[in-house]
Amino acid sequence: MTFARATVIDASALSARMRRIVLDVPDLTRLGLPTAADAAVGIYFPAAGRHCVPDMQCVDGVWDYHDPESAPEGRNYSIRFHDSDAKQLTVDVVLHASG
């Protein structure tokens, strides 16, 4: 596994507490996403006032933010759809009161 940068290209309301987010991921094939159901992806969010997160580092074959002090906020999301040709990834996000 590795990492790739993404840009939100669409967001739509599925309900009052759920949004469908479509991401443009130019290096989508780099992620090596499985075609089977139940695939998930970690999405990390920039800190306030920042436009992007820092690059992950590979240490002993593991891609991650290895320093918890500087790691950006992130969550794992189930992949709803992914289209390798269009280089798009779709996830559904539940909105919470906080977080």
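D92 and R80 are joined by a salt bridge whose closest N and O atoms lie 3.6 Å apart; a salt bridge here is a side-chain nitrogen of Lys or Arg within 4 Å of a carboxyl oxygen of Asp or Glu. This pair links distant parts of the chain, since D92 belongs to strand β7 and R80 to strand β6 (residues 73–83), 12 residues apart. The model is predicted, so local features need pLDDT of at least 70 and side-chain atom pairs count only at pLDDT 80 or more, while totals for chains, interfaces and linings use all residues. Residues are numbered from 1 along each chain as its sequence is written, and side-chain values use heavy atoms, with hydrogens and water left out.

**Salt bridges**

- The structure holds 5 salt bridges.
- D92 also forms a salt bridge with R20, with 2.7 Å between the closest N and O atoms.
- Because D92 lies in strand β7 (residues 88–94) and R20 in strand β2 (residues 18–24), this pair ties together parts that are 72 residues apart in sequence. Strands are DSSP runs of E with at least two residues, and they are numbered from the N terminus.
- R80 counts as partly exposed, at 48% relative accessibility. Buried means under 20% relative accessible area, exposed means over 50%, and partly exposed lies in between (1.4 Å probe, protein chains only).
- R75 is partly exposed, with 35% relative accessibility.

- T90 is located in strand β7 and is buried, at a relative accessible area of 9%.
- Not counting residues up to four places away in sequence, T90 touches R20, I21, V22, I79, R80 and F81; contact means heavy atoms within 4.5 Å.
- The largest nonpolar core has 14 residues, and L89 and V91 have the most contacts inside it. A nonpolar core is a set of buried Ala, Val, Leu, Ile, Met, Phe, Trp, Tyr and Cys residues joined through side-chain atoms within 4.5 Å.
- Two or more residues are given to this core by each of β2, β3, β6 and β7, and the largest share, 3 residues, comes from β7.
- The residues that L89 touches, not counting those up to four places away in sequence, include I21, L33, V41 and F81.

**Aromatic rings**

- The structure has 2 aromatic pairs. Rings of Phe, Tyr and Trp (its six-membered ring) pair if their centres lie within 6.5 Å; planes under 30 degrees apart count as stacked, over 60 as edge-to-face and the rest as tilted.
- Y44 and Y65 form an edge-to-face pair, 5.1 Å from centre to centre with 70° between the planes.
- This pair links distant parts of the chain, with Y44 in strand β3 (residues 40–45) and Y65 in the loop between β5 (62–64) and β6, 21 residues apart.
- Y44 is partly exposed at 28% relative accessibility, whereas Y65 is buried at 14%.
- The charged end of R30 sits over the ring of F3, 5.0 Å from its centre; this requires NZ of Lys or CZ of Arg within 6 Å of the ring centre and within 35 degrees of the ring normal.

**Cysteines**

- The structure holds 0 disulfides, a disulfide being a pair of cysteine sulfur atoms within 2.5 Å.
- C52 is in no disulfide, and the nearest cysteine sulfur, that of C58, is 20 Å away.
- C52 is partly exposed with a relative accessible area of 45%, and C58 is partly exposed at 40%.

Technical notes
Helix = DSSP H or I, 4+ residues; strand = E, 2+ residues; numbered from the N terminus.
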